[in-house]
Amino acid sequence: MTKVLVPYDFSEQANNALNFATNISSKFDHVEIMVLHVVEVPSSSGMGTMGGGEVMPEMESQMFFIELMDRRKEQFKELENKHAGSKYGFSTKIVLGNAFQNISSAIIDEDPDLVIMGSKGSDGIEEVLIGSNTEKVVRTSHCPVMTIKANTNPEKIKKIVFANDFREGQDELAKRIKNLQEWFDADLYLVVINTPGSFETTRESAARIKYFVNKYEIKHAVAEIYNSDSEESGIVEFAEDIDADLIAMATHGRTGLVHLFTGSIAEDVVNHAKRPVWTFKVK
């Protein structure tokens, strides 16, 4: 059984994520898809759905909340009927509260094998100060997260970029990358991004990639060293240059002040890449 969690807010991006989730059922024998919708509890200051917000009088917001809940229940019933009889299992859940907190709780409680989320990315001041629920989930989830921005057919994922430093101590990550490659029957592009602030010779980078390939018996792989101003821009640029179908990478899940000052390469890539991004938090 493969359990997939899809946070869903009825947006175009969420529909793309759900379509991807149902389509990957062809890759597995048994798939259980759980669709989660979070409705924020109304207050006199405002309320919203899956992270949105709107200011309105308290009585009006409460009425809006009741109507919204009824509508969401109807929409989810329609969604369940639409997917009834499919070869994959399909269930829905509506919860109240903070979007990110409830998604995080669902990941812990349901223990899915994969989270698939839609994202439209962000730039400028929104990216710096707020970020998105998707970025926060990428940073904290203990299971892999697949971020989808456009309607994507899993059958057409044949080029996977795996950006890494290929140093020691990555047994679990290597295992998951091999599984990912096997799922899609894809070629794997192992790339080290060389930057001015973290420069090393091609020989050093190539040697580590070769060791990684031999140690973990990676098949159908291409080794690449790519020069760029930063790691995140280099990953996005390299994926664009080879017209990759998916980017795969690890995140260290830093939070708090450390994250504020150092940022996250994985989150930046999720934000700016146009293609799907698979991430896995490592210790």
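**Ground rules**

I'm working with a predicted model, where local features need pLDDT of at least 70, side-chain atom pairs count only at pLDDT 80 or more, and totals for chains, interfaces and linings use all residues. Residues are numbered from 1 along each chain as its sequence is written, and side-chain values use heavy atoms, with hydrogens and water left out. For helices (H or I, at least four residues) and strands (E, at least two) I took DSSP runs, numbered from the N terminus.

**H8 against H10**

I started with helix H8 (residues 231-241) and helix H10 (residues 265-272), whose axes come within 9 Å and cross at roughly 40°. The axes are lines fitted to C-alpha atoms, for helices over the stretch in contact, and the angles run from 0 to 180 degrees between N-to-C directions. H8 and H10 are therefore oblique to each other; under 35 degrees counts as roughly parallel, over 145 as roughly antiparallel, 65 to 115 as roughly perpendicular, and the rest as oblique.

Next I listed who touches whom, with contact meaning heavy atoms within 4.5 Å. H8 brings Glu 231, Glu 232, Ile 235 and Val 236, and H10 brings Ile 265, Asp 268, Val 269 and His 272. By class I get 4 nonpolar, 1 polar and 3 charged residues for H8 with H10. The classes are Ala, Val, Leu, Ile, Met, Phe, Trp, Tyr, Cys and Pro as nonpolar, Asp, Glu, Lys and Arg as charged, and the others, Gly among them, as polar.

**What H8 buries**

I then checked burial, where buried is under 20% relative accessible area, exposed is over 50% and partly exposed is in between (1.4 Å probe, protein chains only). Gly 234, Ile 235, Val 236, Phe 238 and Ala 239 are buried in H8. The buried residues of H8 pack against strand E6 (159-163), strand E7 (187-194), strand E8 (221-227), strand E9 (246-251) and H10. Just after H8, I noted a positive phi of about 55° at Asp 243.

**H5 against H10**

H10 also meets H5, with axes that come within 10 Å and cross at roughly 145°. This crossing of H5 and H10 is right-handed. From H5 I see Thr 134, Glu 135, Val 138 and Arg 139, facing Glu 267, Val 270 and Asn 271 of H10. The tally for H5 with H10 is 2 nonpolar, 2 polar and 3 charged residues.

**Salt bridges**

My rule is a side-chain nitrogen of Lys or Arg within 4 Å of a carboxyl oxygen of Asp or Glu, and the count comes to 9 salt bridges.

Glu 267 pairs with Arg 139, closest N and O atoms 2.8 Å apart. Glu 267 is in H10 and Arg 139 in helix H5 (residues 133-140), so the pair ties together parts 128 residues apart in sequence. Glu 267 is buried at 3% relative accessible area, and Arg 139 is buried at 15%.

Lys 215 and Asp 171 also form a salt bridge, at 3.7 Å, N to O. Lys 215 sits in helix H7 (residues 202-216) and Asp 171 in helix H6 (residues 171-184), 44 residues apart. Lys 215 is partly exposed at 37% relative accessibility, as is Asp 171 at 47%.

Arg 176 and Glu 172 bridge at 2.8 Å, N to O. Both Arg 176 and Glu 172 lie in H6, 4 residues apart, about one turn of the helix.

How values were computed:
Left-handed = near helix turned anticlockwise from the far one by under 90°.
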